[in-house]
Amino acid sequence: MESGKRIEMIYNGKAVTILNQRSRLWTHPYDYRTPQKATLSSAGCGVFSICHCGQWLTGKAFSPEELADFSMQNGGRGDDGTDRPALLSAMMQKGLAAQYGFSYQGDGLRNDLETLRVHLLEHRGVALCNLRVGHIVSLLDAREADGEVQALALDSYSESMEEKIRPHVREIVPQSAVDTLVRNDAGLVVGQRRQYAMYWVDTAIVRDFNLLHAL
């Protein structure tokens, strides 16, 4: 059986709603002037990640459909997905960022890992980033373990087993399991695969991050 759109869990005393992008039930439009009619399921990783950050910071669950509409109306939907700097700046200008519990200081896409580590460890902020090219995940917490700084990733597409990410995963969160059906070329179900949406990862893999400062 496939996992649904939302997976409710508790982690370290915090309520977490995993917005499972693998579910085909996320049919809300998330278009960028194209005939393909993109949806949250096909292109919503940035929207889901901001909702994950907001819940972590405030304890409130947010509507990805409402944020997707805001993004499309305010220049946050780019031709290859979510334009993070544009969407975050619009959220600041319209007062929406404060509702999500963060401020954004217009820092673009950064790669200075020491700044990220201080932000997560000492300032208790959160971040958006790439662990692989083209996919946005949220970083919610950090810890020092085994001589490295590790970040807690919440990944709407549950890529803990993805080839480029798996070597950097240090611990999976068992209750974040996401089950999907495996189909052959004819569309017939031939098995089931389990991956995890929340996992601790070595920060050395983190690229192109945006810092969201907790209020």
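Predicted model: local features only at pLDDT ≥ 70, side-chain atom pairs only at ≥ 80, totals over all residues.
Arginine 194 is partly exposed, with a relative accessible area of 48%. The side chain of arginine 194 meets that of aspartate 179 in a salt bridge, with 2.7 Å from N to O. Arginine 194 belongs to strand β11 and aspartate 179 to strand β10, so the pair ties together parts that are 15 residues apart in sequence. Aspartate 179, at 11% relative accessibility, counts as buried, because the limit for that class is under 20%.

Leaving aside residues up to four places away in sequence, glycine 191 touches Thr180, Leu181 and Val182. Between the C-alpha atoms of glycine 191 and threonine 180 the separation is 8.7 Å, and the two residues are 11 apart along the chain. The loop between β10 (177–183) and β11 (189–196) holds leucine 188. With a relative accessible area of 55%, leucine 188 is exposed.

The protein has 6 helices and 13 strands. Its radius of gyration is 17 Å, close to the 17 Å that the globule rule gives for 215 residues, so the protein is as compact as a globular protein of that length. Along the principal axes, the C-alpha atoms fill a box of roughly 50 × 45 × 30 Å. Of the 215 residues, 51% are buried. Among contacts with a separation of 6 or more, 62% are between residues 24 or more positions apart. The accessible surface comes to about 10,100 Å², and carbon and sulfur atoms account for 48% of it.

Strand β6 (residues 126–132) has 6 of its 7 residues buried, so the strand is largely enclosed by the rest of the structure. β6 pairs with two strands that are described here. With strand β13 (residues 207–214) the pairing is antiparallel, over 4 bridges, and alanine 127 has leucine 211 in β13 as its bridge partner. With strand β7 (residues 135–145) the pairing is again antiparallel, through 5 bridges. In that pairing, arginine 132 stands opposite histidine 135 in β7. The hairpin of β6 and β7 has 2 residues between the strands, and glycine 134 there takes a positive phi near 90°.

Arginine 124, with phi near 60°, is one of them. Arginine 124 is found in the loop between α6 (113–121) and β6, and at 44% relative accessibility it counts as partly exposed. Aspartate 208 has a positive phi of about 50°. Aspartate 208 has its place in strand β13 and is partly exposed, with a relative accessible area of 28%.

Strand β1 (residues 6–11) runs antiparallel to strand β2 (residues 14–19), and 6 bridges join them. Glutamate 8 stands opposite threonine 17 in β2. Between β1 and β2 there are 2 residues, and asparagine 12 in the turn has a positive phi of about 50°.

What remains is charge pairing. Side chains of opposite charge can pair when their charged atoms come close. The count for this model comes to 8 salt bridges. One of the salt bridges joins the side chains of glutamate 159 and arginine 132, at 2.7 Å from N to O. Glutamate 159 lies in the loop between β8 (148–154) and β9 (169–172) and arginine 132 in strand β6, so the pair ties together parts that are 27 residues apart in sequence. Glutamate 159 counts as buried at 5% relative accessibility, whereas arginine 132 is partly exposed at 25%.

Another salt bridge brings together the side chains of arginine 143 and glutamate 171, with 3.0 Å from N to O. This pair links distant parts of the chain, with arginine 143 in strand β7 and glutamate 171 in strand β9, 28 residues apart. Arginine 143 is partly exposed, with a relative accessible area of 25%, and glutamate 171 is partly exposed at 35%. Finally, Asp107, Arg110 and Asp112 are linked in a network of salt bridges.

Definitions and conventions. Residues numbered from 1 in each chain as written. Heavy atoms only, no water. Buried < 20%, exposed > 50% of the residue type's maximum accessible area, 1.4 Å probe, protein only. Pairing = 2+ DSSP bridges. Rg over C-alpha atoms; globule rule 2.2 N^0.38 Å. Contact = heavy atoms within 4.5 Å. Areas by Shrake-Rupley, 256 points an atom, 1.4 Å probe, with all protein chains shown as cover. Salt bridge = Lys/Arg side-chain N within 4 Å of Asp/Glu carboxyl O.
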